[in-house]
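This report describes a protein chain from its computed geometry. Please consult the sequence and the model alongside the text.

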Amino acid sequence: MAWEVVATIIGQRSAFVDINHEKYNYRAYSKVLDSRAAYGGLGAYVNGVYSNIIWQPFYQGEYFNIPYMVGSRTYEFTAYTRNEDTSASITEIQREEKAYAPTTPGAFTQPTGELEIGDSRAVSWGASTDPNGNLSLYVLEVSVNGGAWTLHGHFPSAAATYNVHTAGNVKFRVKATDSSGLESAWRESPLYTVTKPKYYYSKYNAVPNYVGTYTTEPNKTANTIRIGSTIKLTQELTVDPNTGQFAPKNTLYCTATNNDYLKYGGPGWYWLVSDKVAVEFTSGGEDSGGDFNCYNYRLNATRTLTGYTPGTLIQSGIVAEEGTYPNNGRHTDGYWYVRGSRVNASIAPPGPFTSPVPGSILLPGQQLTVSGANSTAANIAAHNIGVSYDKGATWTELGTPLTNSIAYTVTTDKTKKTVRFRSRARNTSNVYSDYVYSEDFTIQHNLKPTITLLTENNKTLYSNDTYTINGEARDMDNGNSVTVKYQINDELARNIASFISDTIAKAYSKNLIFKDKQLYDGATAVTGILAEGVQHTLKVWAVDADDSSTVETRTFTVVHNRAPEIITTAEAELGLLESPPSIMYQVNDLDNDTLTVTEKLDGIVLRTFTATVLTDYVITLTPAQWLEVTNGTHELSITVDDGKGASAVRPFNFERNETRIELQLKAPFLTDIAASRILISPDWTIPAGATVKVEVCNNAFDDLPTWEDCTNFVKQNRGFSFTNTVKTATNWGVDVRIIADKGTATDPVILSGFGGAFD
C-alpha cells in the first residue's frame, strides 16, 4: 500500500487530523531545513487533553510511527522544533491503508439433498467480503469418499457446477483470495450422499409363454366306433415342475376304413391349468352308416417355457434406483418392469387406469369413462389420453383434459377386436411424464350368451334320485343359434336344449337319474361309476356360433346304497322273562330295494322271509322253542338285508331263570266212564336237591278236578289206582300234571316228556 500525506505542519504549529487506525497506519516525517534544528518532536491532543503520545524526538529525514489510537476520531497534532525556528522544520503526517484478507465464505446453499451419479449440479455458497475491496477469486476443492482434497476450480463468483461421478459420498470446501494474495479460511460443506440415478418404473403382470411338442406311440388295441360319434378322452398327467415334461396314459387315435368318412383335425390337444390334456376326435361323413377303428396311442408331450411378456399394468410411477428392476423385462419377484424417464428429468406419470376395470369386456357403442389417478407432479397443465386398436402402433389422441379422465364411446367397427389406452402428464413448463398403458380390452361385437342355473348346490344323490339340471339361457343377439350344454366331471359334454335367440330368456331342463352308481339320461349312462366320498362337478354353459357364456358349476356327492332300517319301540334289554318274548317291528328301505329279514335266537335262524316295507311283523318263540331255552342270557336278533351289500341288525337281550316246571296235558282225554287205573312213564332228569310231583285225575272236566298224588308209583314205575268215583261235569276225563322244583340242585332239571296208559 502507498503512503499519502494527510497534513503538513511548518514549524511549531498544530494541525487537526482524522485518525482511523482500523483502516490505516499513520506516521510522522520530519524535514529539518536548518542545522540548528537538529531534531524536533510531535505531540497530540484530543479535546485539549494530552494524548498518550509522549514527546518523541526525531531527526531530519526520520519517520515516526504514530502509535495506535482507539476509535475513529479527530486528533490535534502539534509539531515542535528545538530552536523554535518556525521555518526551519516541516513535519508531515502520512497514512497508509492497511491490507486485510477476505472474510470466510458463507455456508453452502447448494446442492441440496442426495446427489445422483451423472447429475450436473450447481454448487453455491455465501459470498465473501474484502475490506480493501480487492476480492479476486474463490478456490473450490472436493473430497470423494473421504479422500484427499483435490482442486475443482477457481471461480469469480460464489457458484460453480459439479458433475457427479461414481461415488458413495462427496464433500466440498471453498476459500476466497484477493489481489494482494491474502486468503480467507476454508468453509466446508455438509457430506452429500451419492446414489445411482432414480427412474420411474411401471409394473406389469408377467405372462408366461410356452411351446409344446408331442409324439405318439401306437399299441394296436382296436375298438370299433360308429361313424358320426364323438370321442373325447381326458387323461391325468404327471408333470415335472422343472422341465414341464409329462405323459398321459393311452389316448384314442382313430382311423376309418374309408377316409372320406373320417374328419378330424388331430390328434388335437391343449393345455389345462389342472395339468390334464384332452384329445377329441369327431367323425363325420356323407351318411350315418359305417364303422371305423380307434387305436390306443400313447401321447408323449413336452411343454417348454420360452419366456414372458408384459400383461396387465399393476402400478406406475414407481421411483427406484437404476438397476433395482430390469429396464424392460421380468424381475425375480415374478413381475415385468419397464423403465421410464429419470425422476429429475421428467415428472411423475399418471396412475394405472382404473376405468374400464381391468378384465372388462366392452360392447360396441358402449359409453364409458377412460380414467386413472392423476399425476402427483406439481403444476399439471394437462393429461394427454390416447387410444389404439388391435395392438397397433398407431395412436389417436382422445383429448388433453386437466385431469386424467375422458369420455369414450366404444367403436362399432367390427374389424376392430381390441382396444387399449395410454396417458401421460404435462406440466406448465412443458415437461412430460412417461406414458402409462392400459391392458388390451376385448370388444365383444357378438354378445356372449348368458345363463342361469337353478340346480341345487352340494346335493347328495341316493339310488334312484332325480338330478334336475334347469335354468334359463339368453342371447341378446337376434337370430343366433344357441345350444345349452352340460358336463359331469370330465365326461363328454352333452346338449340339453337348442333355440334361435330373440333376446328373450329360454327355459331349459334335463332330468338325470342316479342308479347303479351312475347318472342316466333315460336308458343312456352319461357318466361312469361315480365314486362315493368325493365331490363331483356339474358344468352348464350356453354357446352360439361365435362365443360361449360363462360356465355355471354345481357340486354334488353320491351315496351308492343306503342301509335299510328296522323300526320298533322295543328296548334292546328285555330283562328277566318268564314267558316267550314277543316284539313287533317294521322294516324300511329309502332306496326301495327288496328286503330279506332273518330272525335268530342265539345265532340260530328261526325264520327268513322277504319283507314288505312298513308292515308289522312279530318275532317270538313257540312253546316248544321256549321250552328249549335254558336258564341264562340269550340274544334274539332281527337282520334286514337289501341284497346290495347293506344291512341292519337289531339285537334284543333277555335272561331266563326257571326254578319250577309245570307240565300238563293241553287237553284232557275224554272217557266214557271213570278211569280206574293209570300208568305214567316220564322222561326226566331230577338231580339231587330237586323235587318232583306227579298228579292225575279222572274227572278232569269238573270245575275242581280231584287231583291225586301218584309220585311214588311213577318213581317205582307202577300203575296207580284212582280213588275218586264222582264227577260234576257231564263227561269223565283223564288229565296228568308234573311239577318239578329245582330246590337246591345245581344241575339242571330236565323234563322232556312222558308217556303212559289208563283204563
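## Basis and overall make-up

The model is predicted, with local features requiring pLDDT of at least 70, side-chain atom pairs pLDDT 80 or more, and totals for chains, interfaces and linings using all residues. Residues are numbered from 1 along each chain as its sequence is written, and side-chain values use heavy atoms, without hydrogens and water.

Two helices and 62 strands make up the secondary structure of the chain; these are DSSP runs (helices H or I, at least four residues; strands E, at least two), numbered from the N terminus. Of its 759 residues, 39% are buried, meaning under 20% relative accessible area with a 1.4 Å probe, protein chains only.

## Confidence

The average pLDDT, the predictor's per-residue confidence from 0 to 100, is 82, and 80% of the residues reach at least 70. Values remain under 50 over residues 35–39 and over residues 214–301. Where pLDDT is low, predicted coordinates should not be read in detail.

## Largest pocket

A pocket is an open set of points on a 1 Å grid over the protein atoms alone, where a 1.4 Å probe fits, with protein on both sides within 12 Å along at least five of seven lines; lining residues have an atom within 4 Å of a point. Its 23 lining residues include Leu627, Val629, Ile661, Val749 and Ile750, which lie nearest the centre. Strand E55 gives the largest share, four residues.

## Second largest pocket

Strand E19 (198–226) is among the elements that supply at least two lining residues, and E19 gives the most, five.

Notes: Buried < 20%, exposed > 50% of the residue type's maximum accessible area, 1.4 Å probe, protein only. Contact = heavy atoms within 4.5 Å.
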